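Morning, everyone. Please have the model open.

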Amino acid sequence: MNSHIQIFDTTLRDGEQTPGVNFSFDERLKIAKQLEKWGVDIIEAGFPASSTGSFKSVEAISQALTTTAVCGLARCVKKDIDAVYEATKSAAKPRIHVFIATSPIHRDSKLLMSKEQVIASIKEHVSYAKNYFDVVQFSPEDATRTELPFLIECVQTAVDAGASVINIPDTVGFSYPKEYGEIFKTLQDSIKTDHDVIYSAHCHDDLGLAVANSMAAIENGAKRIEGTLNGIGERAGNTALEEVALGLYVRQDHYGNQTKINLAETKQTSDLIARFAGLRVPRNKAIVGQNAFSHESGIHQDGVLKNPETYEIMTPQLVGVKTTELPLGKLSGKHAFSEKLIALGYDVNPEEQKALFKQFKIIADKKKAVTDRDIHALIQGTEHEQNAIYKVETLQLQFVSNGLQSAVVVIKDQDGNTSQDSSIGTGSIVAIYNAIDRIFNRETELIDYRIDSVTEGTDAQAEVHVQIKINDQIVTGVGIDHDILLASCKSYVEAHAKYVAHSTTEEGMHS
Ligand code: KIV
Ligand code: ZN
C-alpha cells in the first residue's frame, strides 16, 4: 500500500459545482495540466454522463495527462459507468468513482429507495464497474448522516463487490473532527476484507470544518484526501487542498505523513484556478491569500526583520509566493519580457509572444512600472480573447450629465461577422449592457458586478467580473482593460458568449 497521503483533486467536478463557475473546455485542460504539475495523485475530471461537454473534457484530459490518474464520477447507473469507461479509456491510469446516497433523508426523500434496495444497487453497480476498472472508488453520499450500522453494511457490500477505495463524504458539512475521525476508525475496525482498502475523506465546509475534519480523518487512518484548490465548490465549498498539503508539511512532527504535492507550484495553481473560476481568493485566505505572508504591525515587522521565524511558520518561497520582483517598464525589450514570462511560469510560443509583447508595450506606455500582476492580467486578458466566440469590436458612448446615457456596441463572431445595436440607460454601464442584451436578443438579470484594480495606483488596469442569469442559468464573464467601461463591456459579452457555448454542449443532466 502507498504510505503517502494521496491527494484527489475534484476542482473540475465538485469545484465546478460552485454557482456561476463554468470552466470552458480549454480552461479545464489547462487546469488539469497544472494540477498534474502540482503533483496531485488523482484528478476527478468530471461527470461524463451529465453532459457532452463534461464527457469531452474528461476524454481530452485522459489523453493529455501522462502520470496522474484520471477519474470520472458515476451514479449507481450502468450508463453512467459506461460513460466513465468510454471517457477515461485512454488515460494512463483510468479510475471510476461510483456513488449512491445512503442517509435516511436521502433514501426517503430523494431516492425513494429502501435500505435493501440501496444495498442491492451498490452490489450490482460496484461489481459492474469492477469489470472495466482495476481500481473502483465507492462513496456512500451523505455518509456522516447515515446510521452507523447501515453505513458499515454499505461499505462492506462495496468492498465485497471489489471497491478498493472507500470515500466517506460529509456531503453537507455537518460533522465535527472527533465524530468524523471516529467513523474512519470504526470502518477500519469493522470491515472484513482480503484485499487492500484505502479510506478517503471528502468534506464540505458548511460549518468551516472541512480542513479540520480532513485532518482528523488522517489521524484516524485515512490515506486519501479529496478537495479543491482554494476550497471552491458547492455552497461553502470543499476542503482546501493547499491547506491540507501545507498542514501535513509544516506539522510533520504530528502527522508523520506527507503528500507528493510540489509545494512550490501551489501559488501558481491557486492563481490559475481563481482566474478561470472568476472567484477572487480572500486576502486573508490561508497559504494563498494576498496577506498570508505580510506583516502589518510594527512589532511583527521588527520581529520578522530580525528573524522571519518569529512570525512565519513557513516561507512564502515554499509555496511559490514571490516577495521581491523586478517590474518591467517602457524601456524593457523583448528579451526581458520573454525572461519574465518564463519566470512567471508561462510557456508561450514565439508567435503568441510577439502579440503579447505588442500589448505589453501599450501598457508600458500608460504605466510607469509593469508589475507581475499586470503581466498575469495581460495573459489572462489574452486567454479570454483567444477563447472568445464573440469579441468587442467597437464601443461608442455618449455621456450627458443629469441625463440618460447612450451606448453603441459592435461585436464580432469567430467567422468575422459583426452585429451591432444601441441603447440608452440610467448610467453608462446600464446603457452598454442594454445594448448587448439587444444584440443577443435575450432577457438577462445582473446578479453581480465587481471591479478590481489589477495593481495599486490611478494608472492600474481594471478587471471587471460580471455574473448574469439567462434562462435560469448563471454565467460569468471577465473583462480586463485600462478603461473601466470597455472592461465592463468585454466582461458582459464574455458572459453572453459562455451562455451560447454552454447551451450548445451541455444538454444532459446534472448531479
Ligand atoms: O459531497 C458529496 O457527497 C459528493 C459525492 C458525489 C462524493 O461530492
Ligand atoms: Zn462533494
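The lining of the largest pocket is made up of 43 residues, and Lys267, Asp271, Gln290, Arg373 and His376 are the ones nearest its centre. Bear in mind that this is a predicted model. The space in this largest pocket comes to about 1300 Å³.

Which elements supply the lining? Helix H11, residues 266-277, helix H15, residues 372-387, strand E12, residues 445-453, and strand E13, residues 462-470, each contribute at least two residues to the lining of the largest pocket. By class, that lining has 16 charged, 14 polar and 13 nonpolar residues.

Next, the second largest pocket. Its volume is about 740 Å³. Here 23 residues form the lining, with Lys30, Gly345, Tyr346, Asp347 and Glu383 nearest the centre. Helix H1, residues 25-38, and helix H14, residues 350-366, each supply at least two of the lining residues, as do H11 and H15. The lining of the second largest pocket splits into 9 charged, 7 polar and 7 nonpolar residues.

Now to the strand, E6, residues 165-170. All of its residues, 6 of the 6, are buried, so E6 is largely enclosed by the rest of the structure. Both faces of E6 are covered: Val165, Asn167 and Pro169 point one way, Ile166, Ile168 and Asp170 point the other way, and all are buried.

What does E6 pair with? Strand E5, residues 136-141, runs parallel to E6 and is joined to it by 2 bridges. Phe138 has Ile166 in E6 as its bridge partner. E5, helix H6, residues 148-160, and E6 together form a β-α-β unit, and it is right-handed.

E6 also pairs with strand E7, residues 198-203, in the parallel sense, over 6 bridges. In that pairing, Val165 is opposite Ile198 of E7. From E6 the chain passes through helix H7, residues 177-190, to reach E7, and this β-α-β crossover is right-handed.

To recap, E6 is joined to E5 by 2 bridges and to E7 by 6. That's what I have; comments are welcome.

Conventions:
Residues numbered from 1 in each chain as written. Chains lettered and ligands numbered in written order. Predicted model: local features only at pLDDT ≥ 70, side-chain atom pairs only at ≥ 80, totals over all residues. Heavy atoms only, no water. 1 Å grid on protein atoms, 1.4 Å probe; cavity = no way out; pocket = protein on both sides within 12 Å on 5 of 7 lines; lining within 4 Å. Points joined across faces, edges and corners; volume = space filled by probe spheres on them. Helix = DSSP H or I, 4+ residues; strand = E, 2+ residues; numbered from the N terminus. Nonpolar A, V, L, I, M, F, W, Y, C, P; charged D, E, K, R; others polar. Buried < 20%, exposed > 50% of the residue type's maximum accessible area, 1.4 Å probe, protein only. Pairing = 2+ DSSP bridges. Right-handed = clockwise from strand over helix to strand, strands pointing away.
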